[in-house]
Amino acid sequence: MTNSSVESKVWFTEVGPRDGFQNWPQPVSTPVKLELINAALTAGVPRVEVTSMVSPKWVPQLADAETVLEALRDGGGDVLERVRVLVPNLKGMERASRFFDDGLANVLVNVGVTDGFNRHNLNRSVEETLQDIGKVVAAAAPKKVRVDASVSVAWGCPYDGPVAPERAVALAQRLADMGVAELAFGDTIGVAAPAEVRRLSEMALQVFAGIDVAMHFHDTRGLGVANAQAALEAGVRLLEGSIGGIGGCPFAPNSTGNVCSEDMLAMVTDLGYQTGIDLDRMVEAAVSLERALGEKLPGKLHLAGPAPWLAAPSAAGGAMPA
C-alpha cells in the first residue's frame, strides 16, 4: 500500500460485514454476512473487515465471529489472507489467534481520541486502551500478523466535543511508536467537513510518512463522499466504506451511516483513480443486501444504477413522447 500523492491507485477496505452490521436493529444471519463478504471479495475488494472478536454481551450482532471465520476458511482459497478482524483487547486477539495458521494475518485495534468516547465504546480510558493495544502488538509480532489501528472520533466526540487535528495526530503517534502498520482516522459521528479533512489528512501524511494512512467517513450529515474527495486531494490513498451505507457506532448517539462503498467508489473512479474493483458487482451486492435485510439502505447508487442512460431513449429515438 502507498500514500504517494502522485499514485493513481486507491486502496479500499470494505467494512460493512463488521462496522455495518454491528448495530443493525434486527438479527443478521451468518449466511447473509457470508454472502456480503464473498460478494465484496468477488468484486475485487482487496480487503474486507469481516467481524470483531468483541464480547457478544456488548455487540450481539457479531456473536458468530468464529463461525464466520470458519466458513471463510473452509471455503478454500486465500480468503483469510484478504480479510481483517477487529480485536478490542488481548482476549479478542487470543480468540482470533486460532485462525492465524489458516491464513488470517491482519487485525485491527481501536482507540478513541477522547476518554468520553473511549469509556462508552470500550469501557476503558484512553491510556488503559493504549496499554491493551501494546499487548496486542506484542502478541502479533512473533506470528507476523499485521496490526492496523483505528483512531475514532478524530474530528469530534459526542461526549467531549470538537477534536483538534493535533490531538488526533498526537494519539496516532503513540500508536505508530508501538509499531502499527496502518492508521485509520475515523469520523465516527460524521461531523467532519472537507476543509477539516484536508487539514488532518495533510498533517497525518507528513507526520506518518512511513505508515499507511487511511480515512473512514460517516455520511451522517451528508458529507461522506465530499470528505473522501478532500482526503484524496490531500494525498490519502486508503479509504474505507460500507456497502449500501449501512452501519454506524452503537456507542455514539446518532452516528448513523458509514459512507456508502459504491457511492464513494463511483466518485473515486470518476476522478480517474484506479481501484481494481468491479463497481457493477458492488451495486449488485448492495441490491442483494437490501433484499436480504428487508430494509431500504441509505446508499444511492444501488437505487439509481451506475449507468442512468441505459434507461433513456437512444439518440436516434428523438424526443421523449409527450
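Strand S3, helix H4 (residues 90-96) and strand S4 form a right-handed β-α-β unit. Right-handed here means that, with the strands pointing away from the viewer, the path from the first strand over the helix to the second runs clockwise. Helices (H or I, at least four residues) and strands (E, at least two) are DSSP runs numbered from the N terminus. The model is predicted: local features need pLDDT of at least 70 and side-chain atom pairs count only at pLDDT 80 or more, while totals for chains, interfaces and linings use all residues. Residues are numbered from 1 along each chain as its sequence is written, and side-chain values use heavy atoms, with hydrogens and water left out.

A closed barrel of eight strands runs S1-S2-S3-S4-S5-S8-S9-S10, with parallel pairing; two strands pair if DSSP finds at least two bridges between them. Neighbouring strands of this sheet are turned by 30 degrees against each other on average, direction ignored. Axes are lines fitted to C-alpha atoms, for helices over the stretch in contact, and angles run from 0 to 180 degrees between N-to-C directions.

On its other pairing, S4 is joined to the parallel strand S5 (residues 146-152) by seven bridges, and Asn 106 stands opposite Arg 146. S5 continues to S8 (residues 182-186) through four bridges, again parallel; Ala 184 in S8 is the bridge partner of Ser 150.

How many residues of S4 (residues 106-112) are buried? Seven of its seven are, where buried means under 20% relative accessible area, exposed over 50% and partly exposed in between (1.4 Å probe, protein chains only). Both faces of S4 are covered, with Asn 106, Leu 108, Asn 110 and Gly 112 on one side and Val 107, Val 109 and Val 111 on the other. Helix H5 (residues 115-122) lies across S4 and S5 and runs at about 130 degrees to S4.

Val 85, in S3, has 0% relative accessibility and therefore counts as buried. Leaving aside residues up to four places away in sequence, Val 85 touches several residues, including Val 50, Met 53, Leu 69, Leu 104 and Val 107; contact means heavy atoms within 4.5 Å.

Elsewhere, two helices pack against each other. The axes of H2 (residues 30-42) and H11 (residues 279-293) come within 9 Å and cross at roughly 175 degrees, so H2 and H11 are roughly antiparallel. Angles under 35 degrees count as roughly parallel, over 145 as roughly antiparallel, 65 to 115 as roughly perpendicular and the rest as oblique. Residues in this contact include Leu 36 and Ala 39 of H2 and Ala 285 and Leu 289 of H11.

Helix H9 (residues 224-234) has buried residues as well, among them Asn 227, Ala 231 and Leu 232. Their cover includes helix H8 (194-207), strand S9 (212-216), strand S10 (238-241) and helix H10 (261-270). Gly 235, which follows H9, has a positive phi near 115 degrees.

Asn 123, at about 60 degrees, lies in the loop between H5 and helix H6 (126-140) and is exposed, with a relative accessible area of 57%. Val 153, at about 45 degrees, is in the loop between S5 and strand S6 (156-157) and counts as buried at 0% relative accessibility.
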